[in-house]
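Good morning, colleagues. Please look at the next slide, and I shall then take you through the ligand site, the core and the aromatic rings.

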Amino acid sequence: MTNLQAGTSVAEEAGQLILRGGRPLRGEVAIRGAKNSLPKIMVAALLTGERCILRNVADIQDVAIVSELIEALGGSVARPDAGVIEIESANLKPMERSVLKEFSGRSRIPILLCGPLLARFGVAQVPSLGGCRIGSRPVDFHIDALQRMGAILHDEPGAAHLTSGKLHGNKIRLEYPSVGATEQVILAAVRAEGVTELSNAAIEPEILDLIMALQKMGAIIAVDVDRVITIIGVNSLRGFDHTAMPDRLEAASWASAAMATNGRIFVRGARQVDMMTYLNEYRQIGGDFSATNDGIEFWRAGDSLRSIALETDVHPGFMTDWQQPFVVTLTQAEGVSIVHETVYEQRFGYVKALNRMGAKIQLYHECLGSRKCRFGQRNWLHSAVIVGPTPLKGAEINIPDLRAGFSYVIAALAAEGNSTLTNTSLIQRGYENLIPKLTALGAEILG
Ligand code: EPU
């Protein structure tokens, strides 16, 4: 698998990985800063002209793309040490047409530039968004909130174009606790005039990480227990020195790998506090773990795994990004498991290939959970019934998105025989050093 740098084409760097399965993964891997927090904190750095230091930075594609974008906007991103970046944006300039074109379709992060760009220039143009194709992923909540704060949306196909004077605070209620829309409002409100009260907000730990960086910058943000976030706008913000929280999605991915391959993996850097919901479900299906200050070790408690019924949800529920690796593990559990996906309408596309490998997973349009979700009574196959245990056999699989990609790696390692995975570069959006980590855990990599 090649090392994908931002700027290279998919065709050049698509990547292939050939794995021989059947061997338990054993050993230690270390995780660093969260993919879903690092790029957002990098965007927050653009709210000030002062130097910002971000630590525990993982070498992943989303960080590379945002670094490139900051540089294209006239800022600088230095790497004085491994895992540390220094961002300076005193000379930031508005987004030019060439930059819009260059970054079109490469990431979802640029939509979060609206707040900083409006605060600094009164104009924000944002390229069309990329990211995993796991649902329609509109940004209507983002735009609606910005309009309520005084931004004007201009009609421009393929890109968001907003202008404003100084944004003003407002009472905003999200229709659904969207992670990105919550971050959008926070990043726009910290330098707006007056108070913003955001209700039905997302409160994922990665959002709290962003809030902590902003608080170091001088922002005033209160998070209430009932999903209300209150932001008192300030005139200026200063630099920060912040250590990003560890990636709890990568930690859970290795945990699922340990269980599916009947191995034992110590994930250095994983934190119990970020993963409590996951750990409860892990234990219920027959996994065990030991959490210390240095990390969490994961293994199977007994000879067999148990089935479960669960639904994904916003925090503090079971994360949608934990779902795919967990489902691979459930193919090895005794009995019938049910997984109801309530965050994204199309996040089960990957099970087709698992069924080719021998899994027995059937998808349903109905909400097979304790409650109805937004996707019931429509044509979305968003509930899965998994019958296990089923032996898996190697296959040739093209990777459709990030989390599905890692799930196929787990399935390939749990399977009999060889599997060839293509388009592996997608995995590098969120997992650094995949090959060295797999090697360290004893995976058989044939190419
Ligand atoms: N939604 C709307 N309108 C909006 C915004 C969201 O309808 O304006 C809907 C979405 O279509 C989706 C739901 O709300 O059905 C939740 O979307 P959310 O905005 O919370 O997701 P996001 O911010 O785009 C982030 C992560 C995702 C993670 C979700 C949920 C980043 C860069 N991405 O996406 O991560 O699944 O939150 O926790 O932070 C991944 O890591 O593989 C990944 C996809």
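**Ligand site, core and rings**

I begin with R403, where an N or O atom of the side chain is 2.8 Å from an oxygen atom of the ligand. The protein covers 92% of the 830 Å² of accessible area that the ligand has on its own; accessible areas come from the Shrake-Rupley method with a 1.4 Å probe, and for residues only the protein chains shown count as cover.

Before going further, I note that this is a predicted model, in which local features need pLDDT of at least 70, side-chain atom pairs count only at pLDDT 80 or more, and totals for chains, interfaces and linings use all residues. Residues are numbered from 1 along each chain as its sequence is written, and side-chain values use heavy atoms, with hydrogens and water left out.

I turn now to the core. The largest nonpolar core has 146 residues; such a core is a set of buried Ala, Val, Leu, Ile, Met, Phe, Trp, Tyr and Cys residues joined through side-chain atoms within 4.5 Å. Here, buried means under 20% relative accessible area (1.4 Å probe, protein chains only). The members touching the most others are L214, W254, Y278, F298 and L354.

Beyond its neighbours within four places in sequence, F298 is in contact with residues including A251, I265, M275 and Y282, contact being heavy atoms within 4.5 Å.

Finally, the rings. The structure holds ten aromatic pairs, counted for Phe, Tyr and Trp (its six-membered ring) when centres lie within 6.5 Å; planes under 30 degrees apart are stacked, over 60 edge-to-face and the rest tilted. F318 and W322 form an edge-to-face pair, 5.4 Å centre to centre with 70° between the planes. F318 and F326 have ring centres 5.1 Å apart and planes at 65°, so this pair is edge-to-face. F318 is buried at 3% relative accessibility, W322 at 2% and F326 at 2%. Ring pairs link Y278, Y282, F298, F318, W322 and F326 into a cluster.

Notes
Buried means under 20% relative accessible area, exposed over 50%, partly exposed in between (1.4 Å probe, protein chains only). A polar contact is a pair of N or O atoms within 3.5 Å; within protein, one must be able to donate a hydrogen and the other to accept it, and residues adjacent in sequence count only if both atoms are side-chain atoms.
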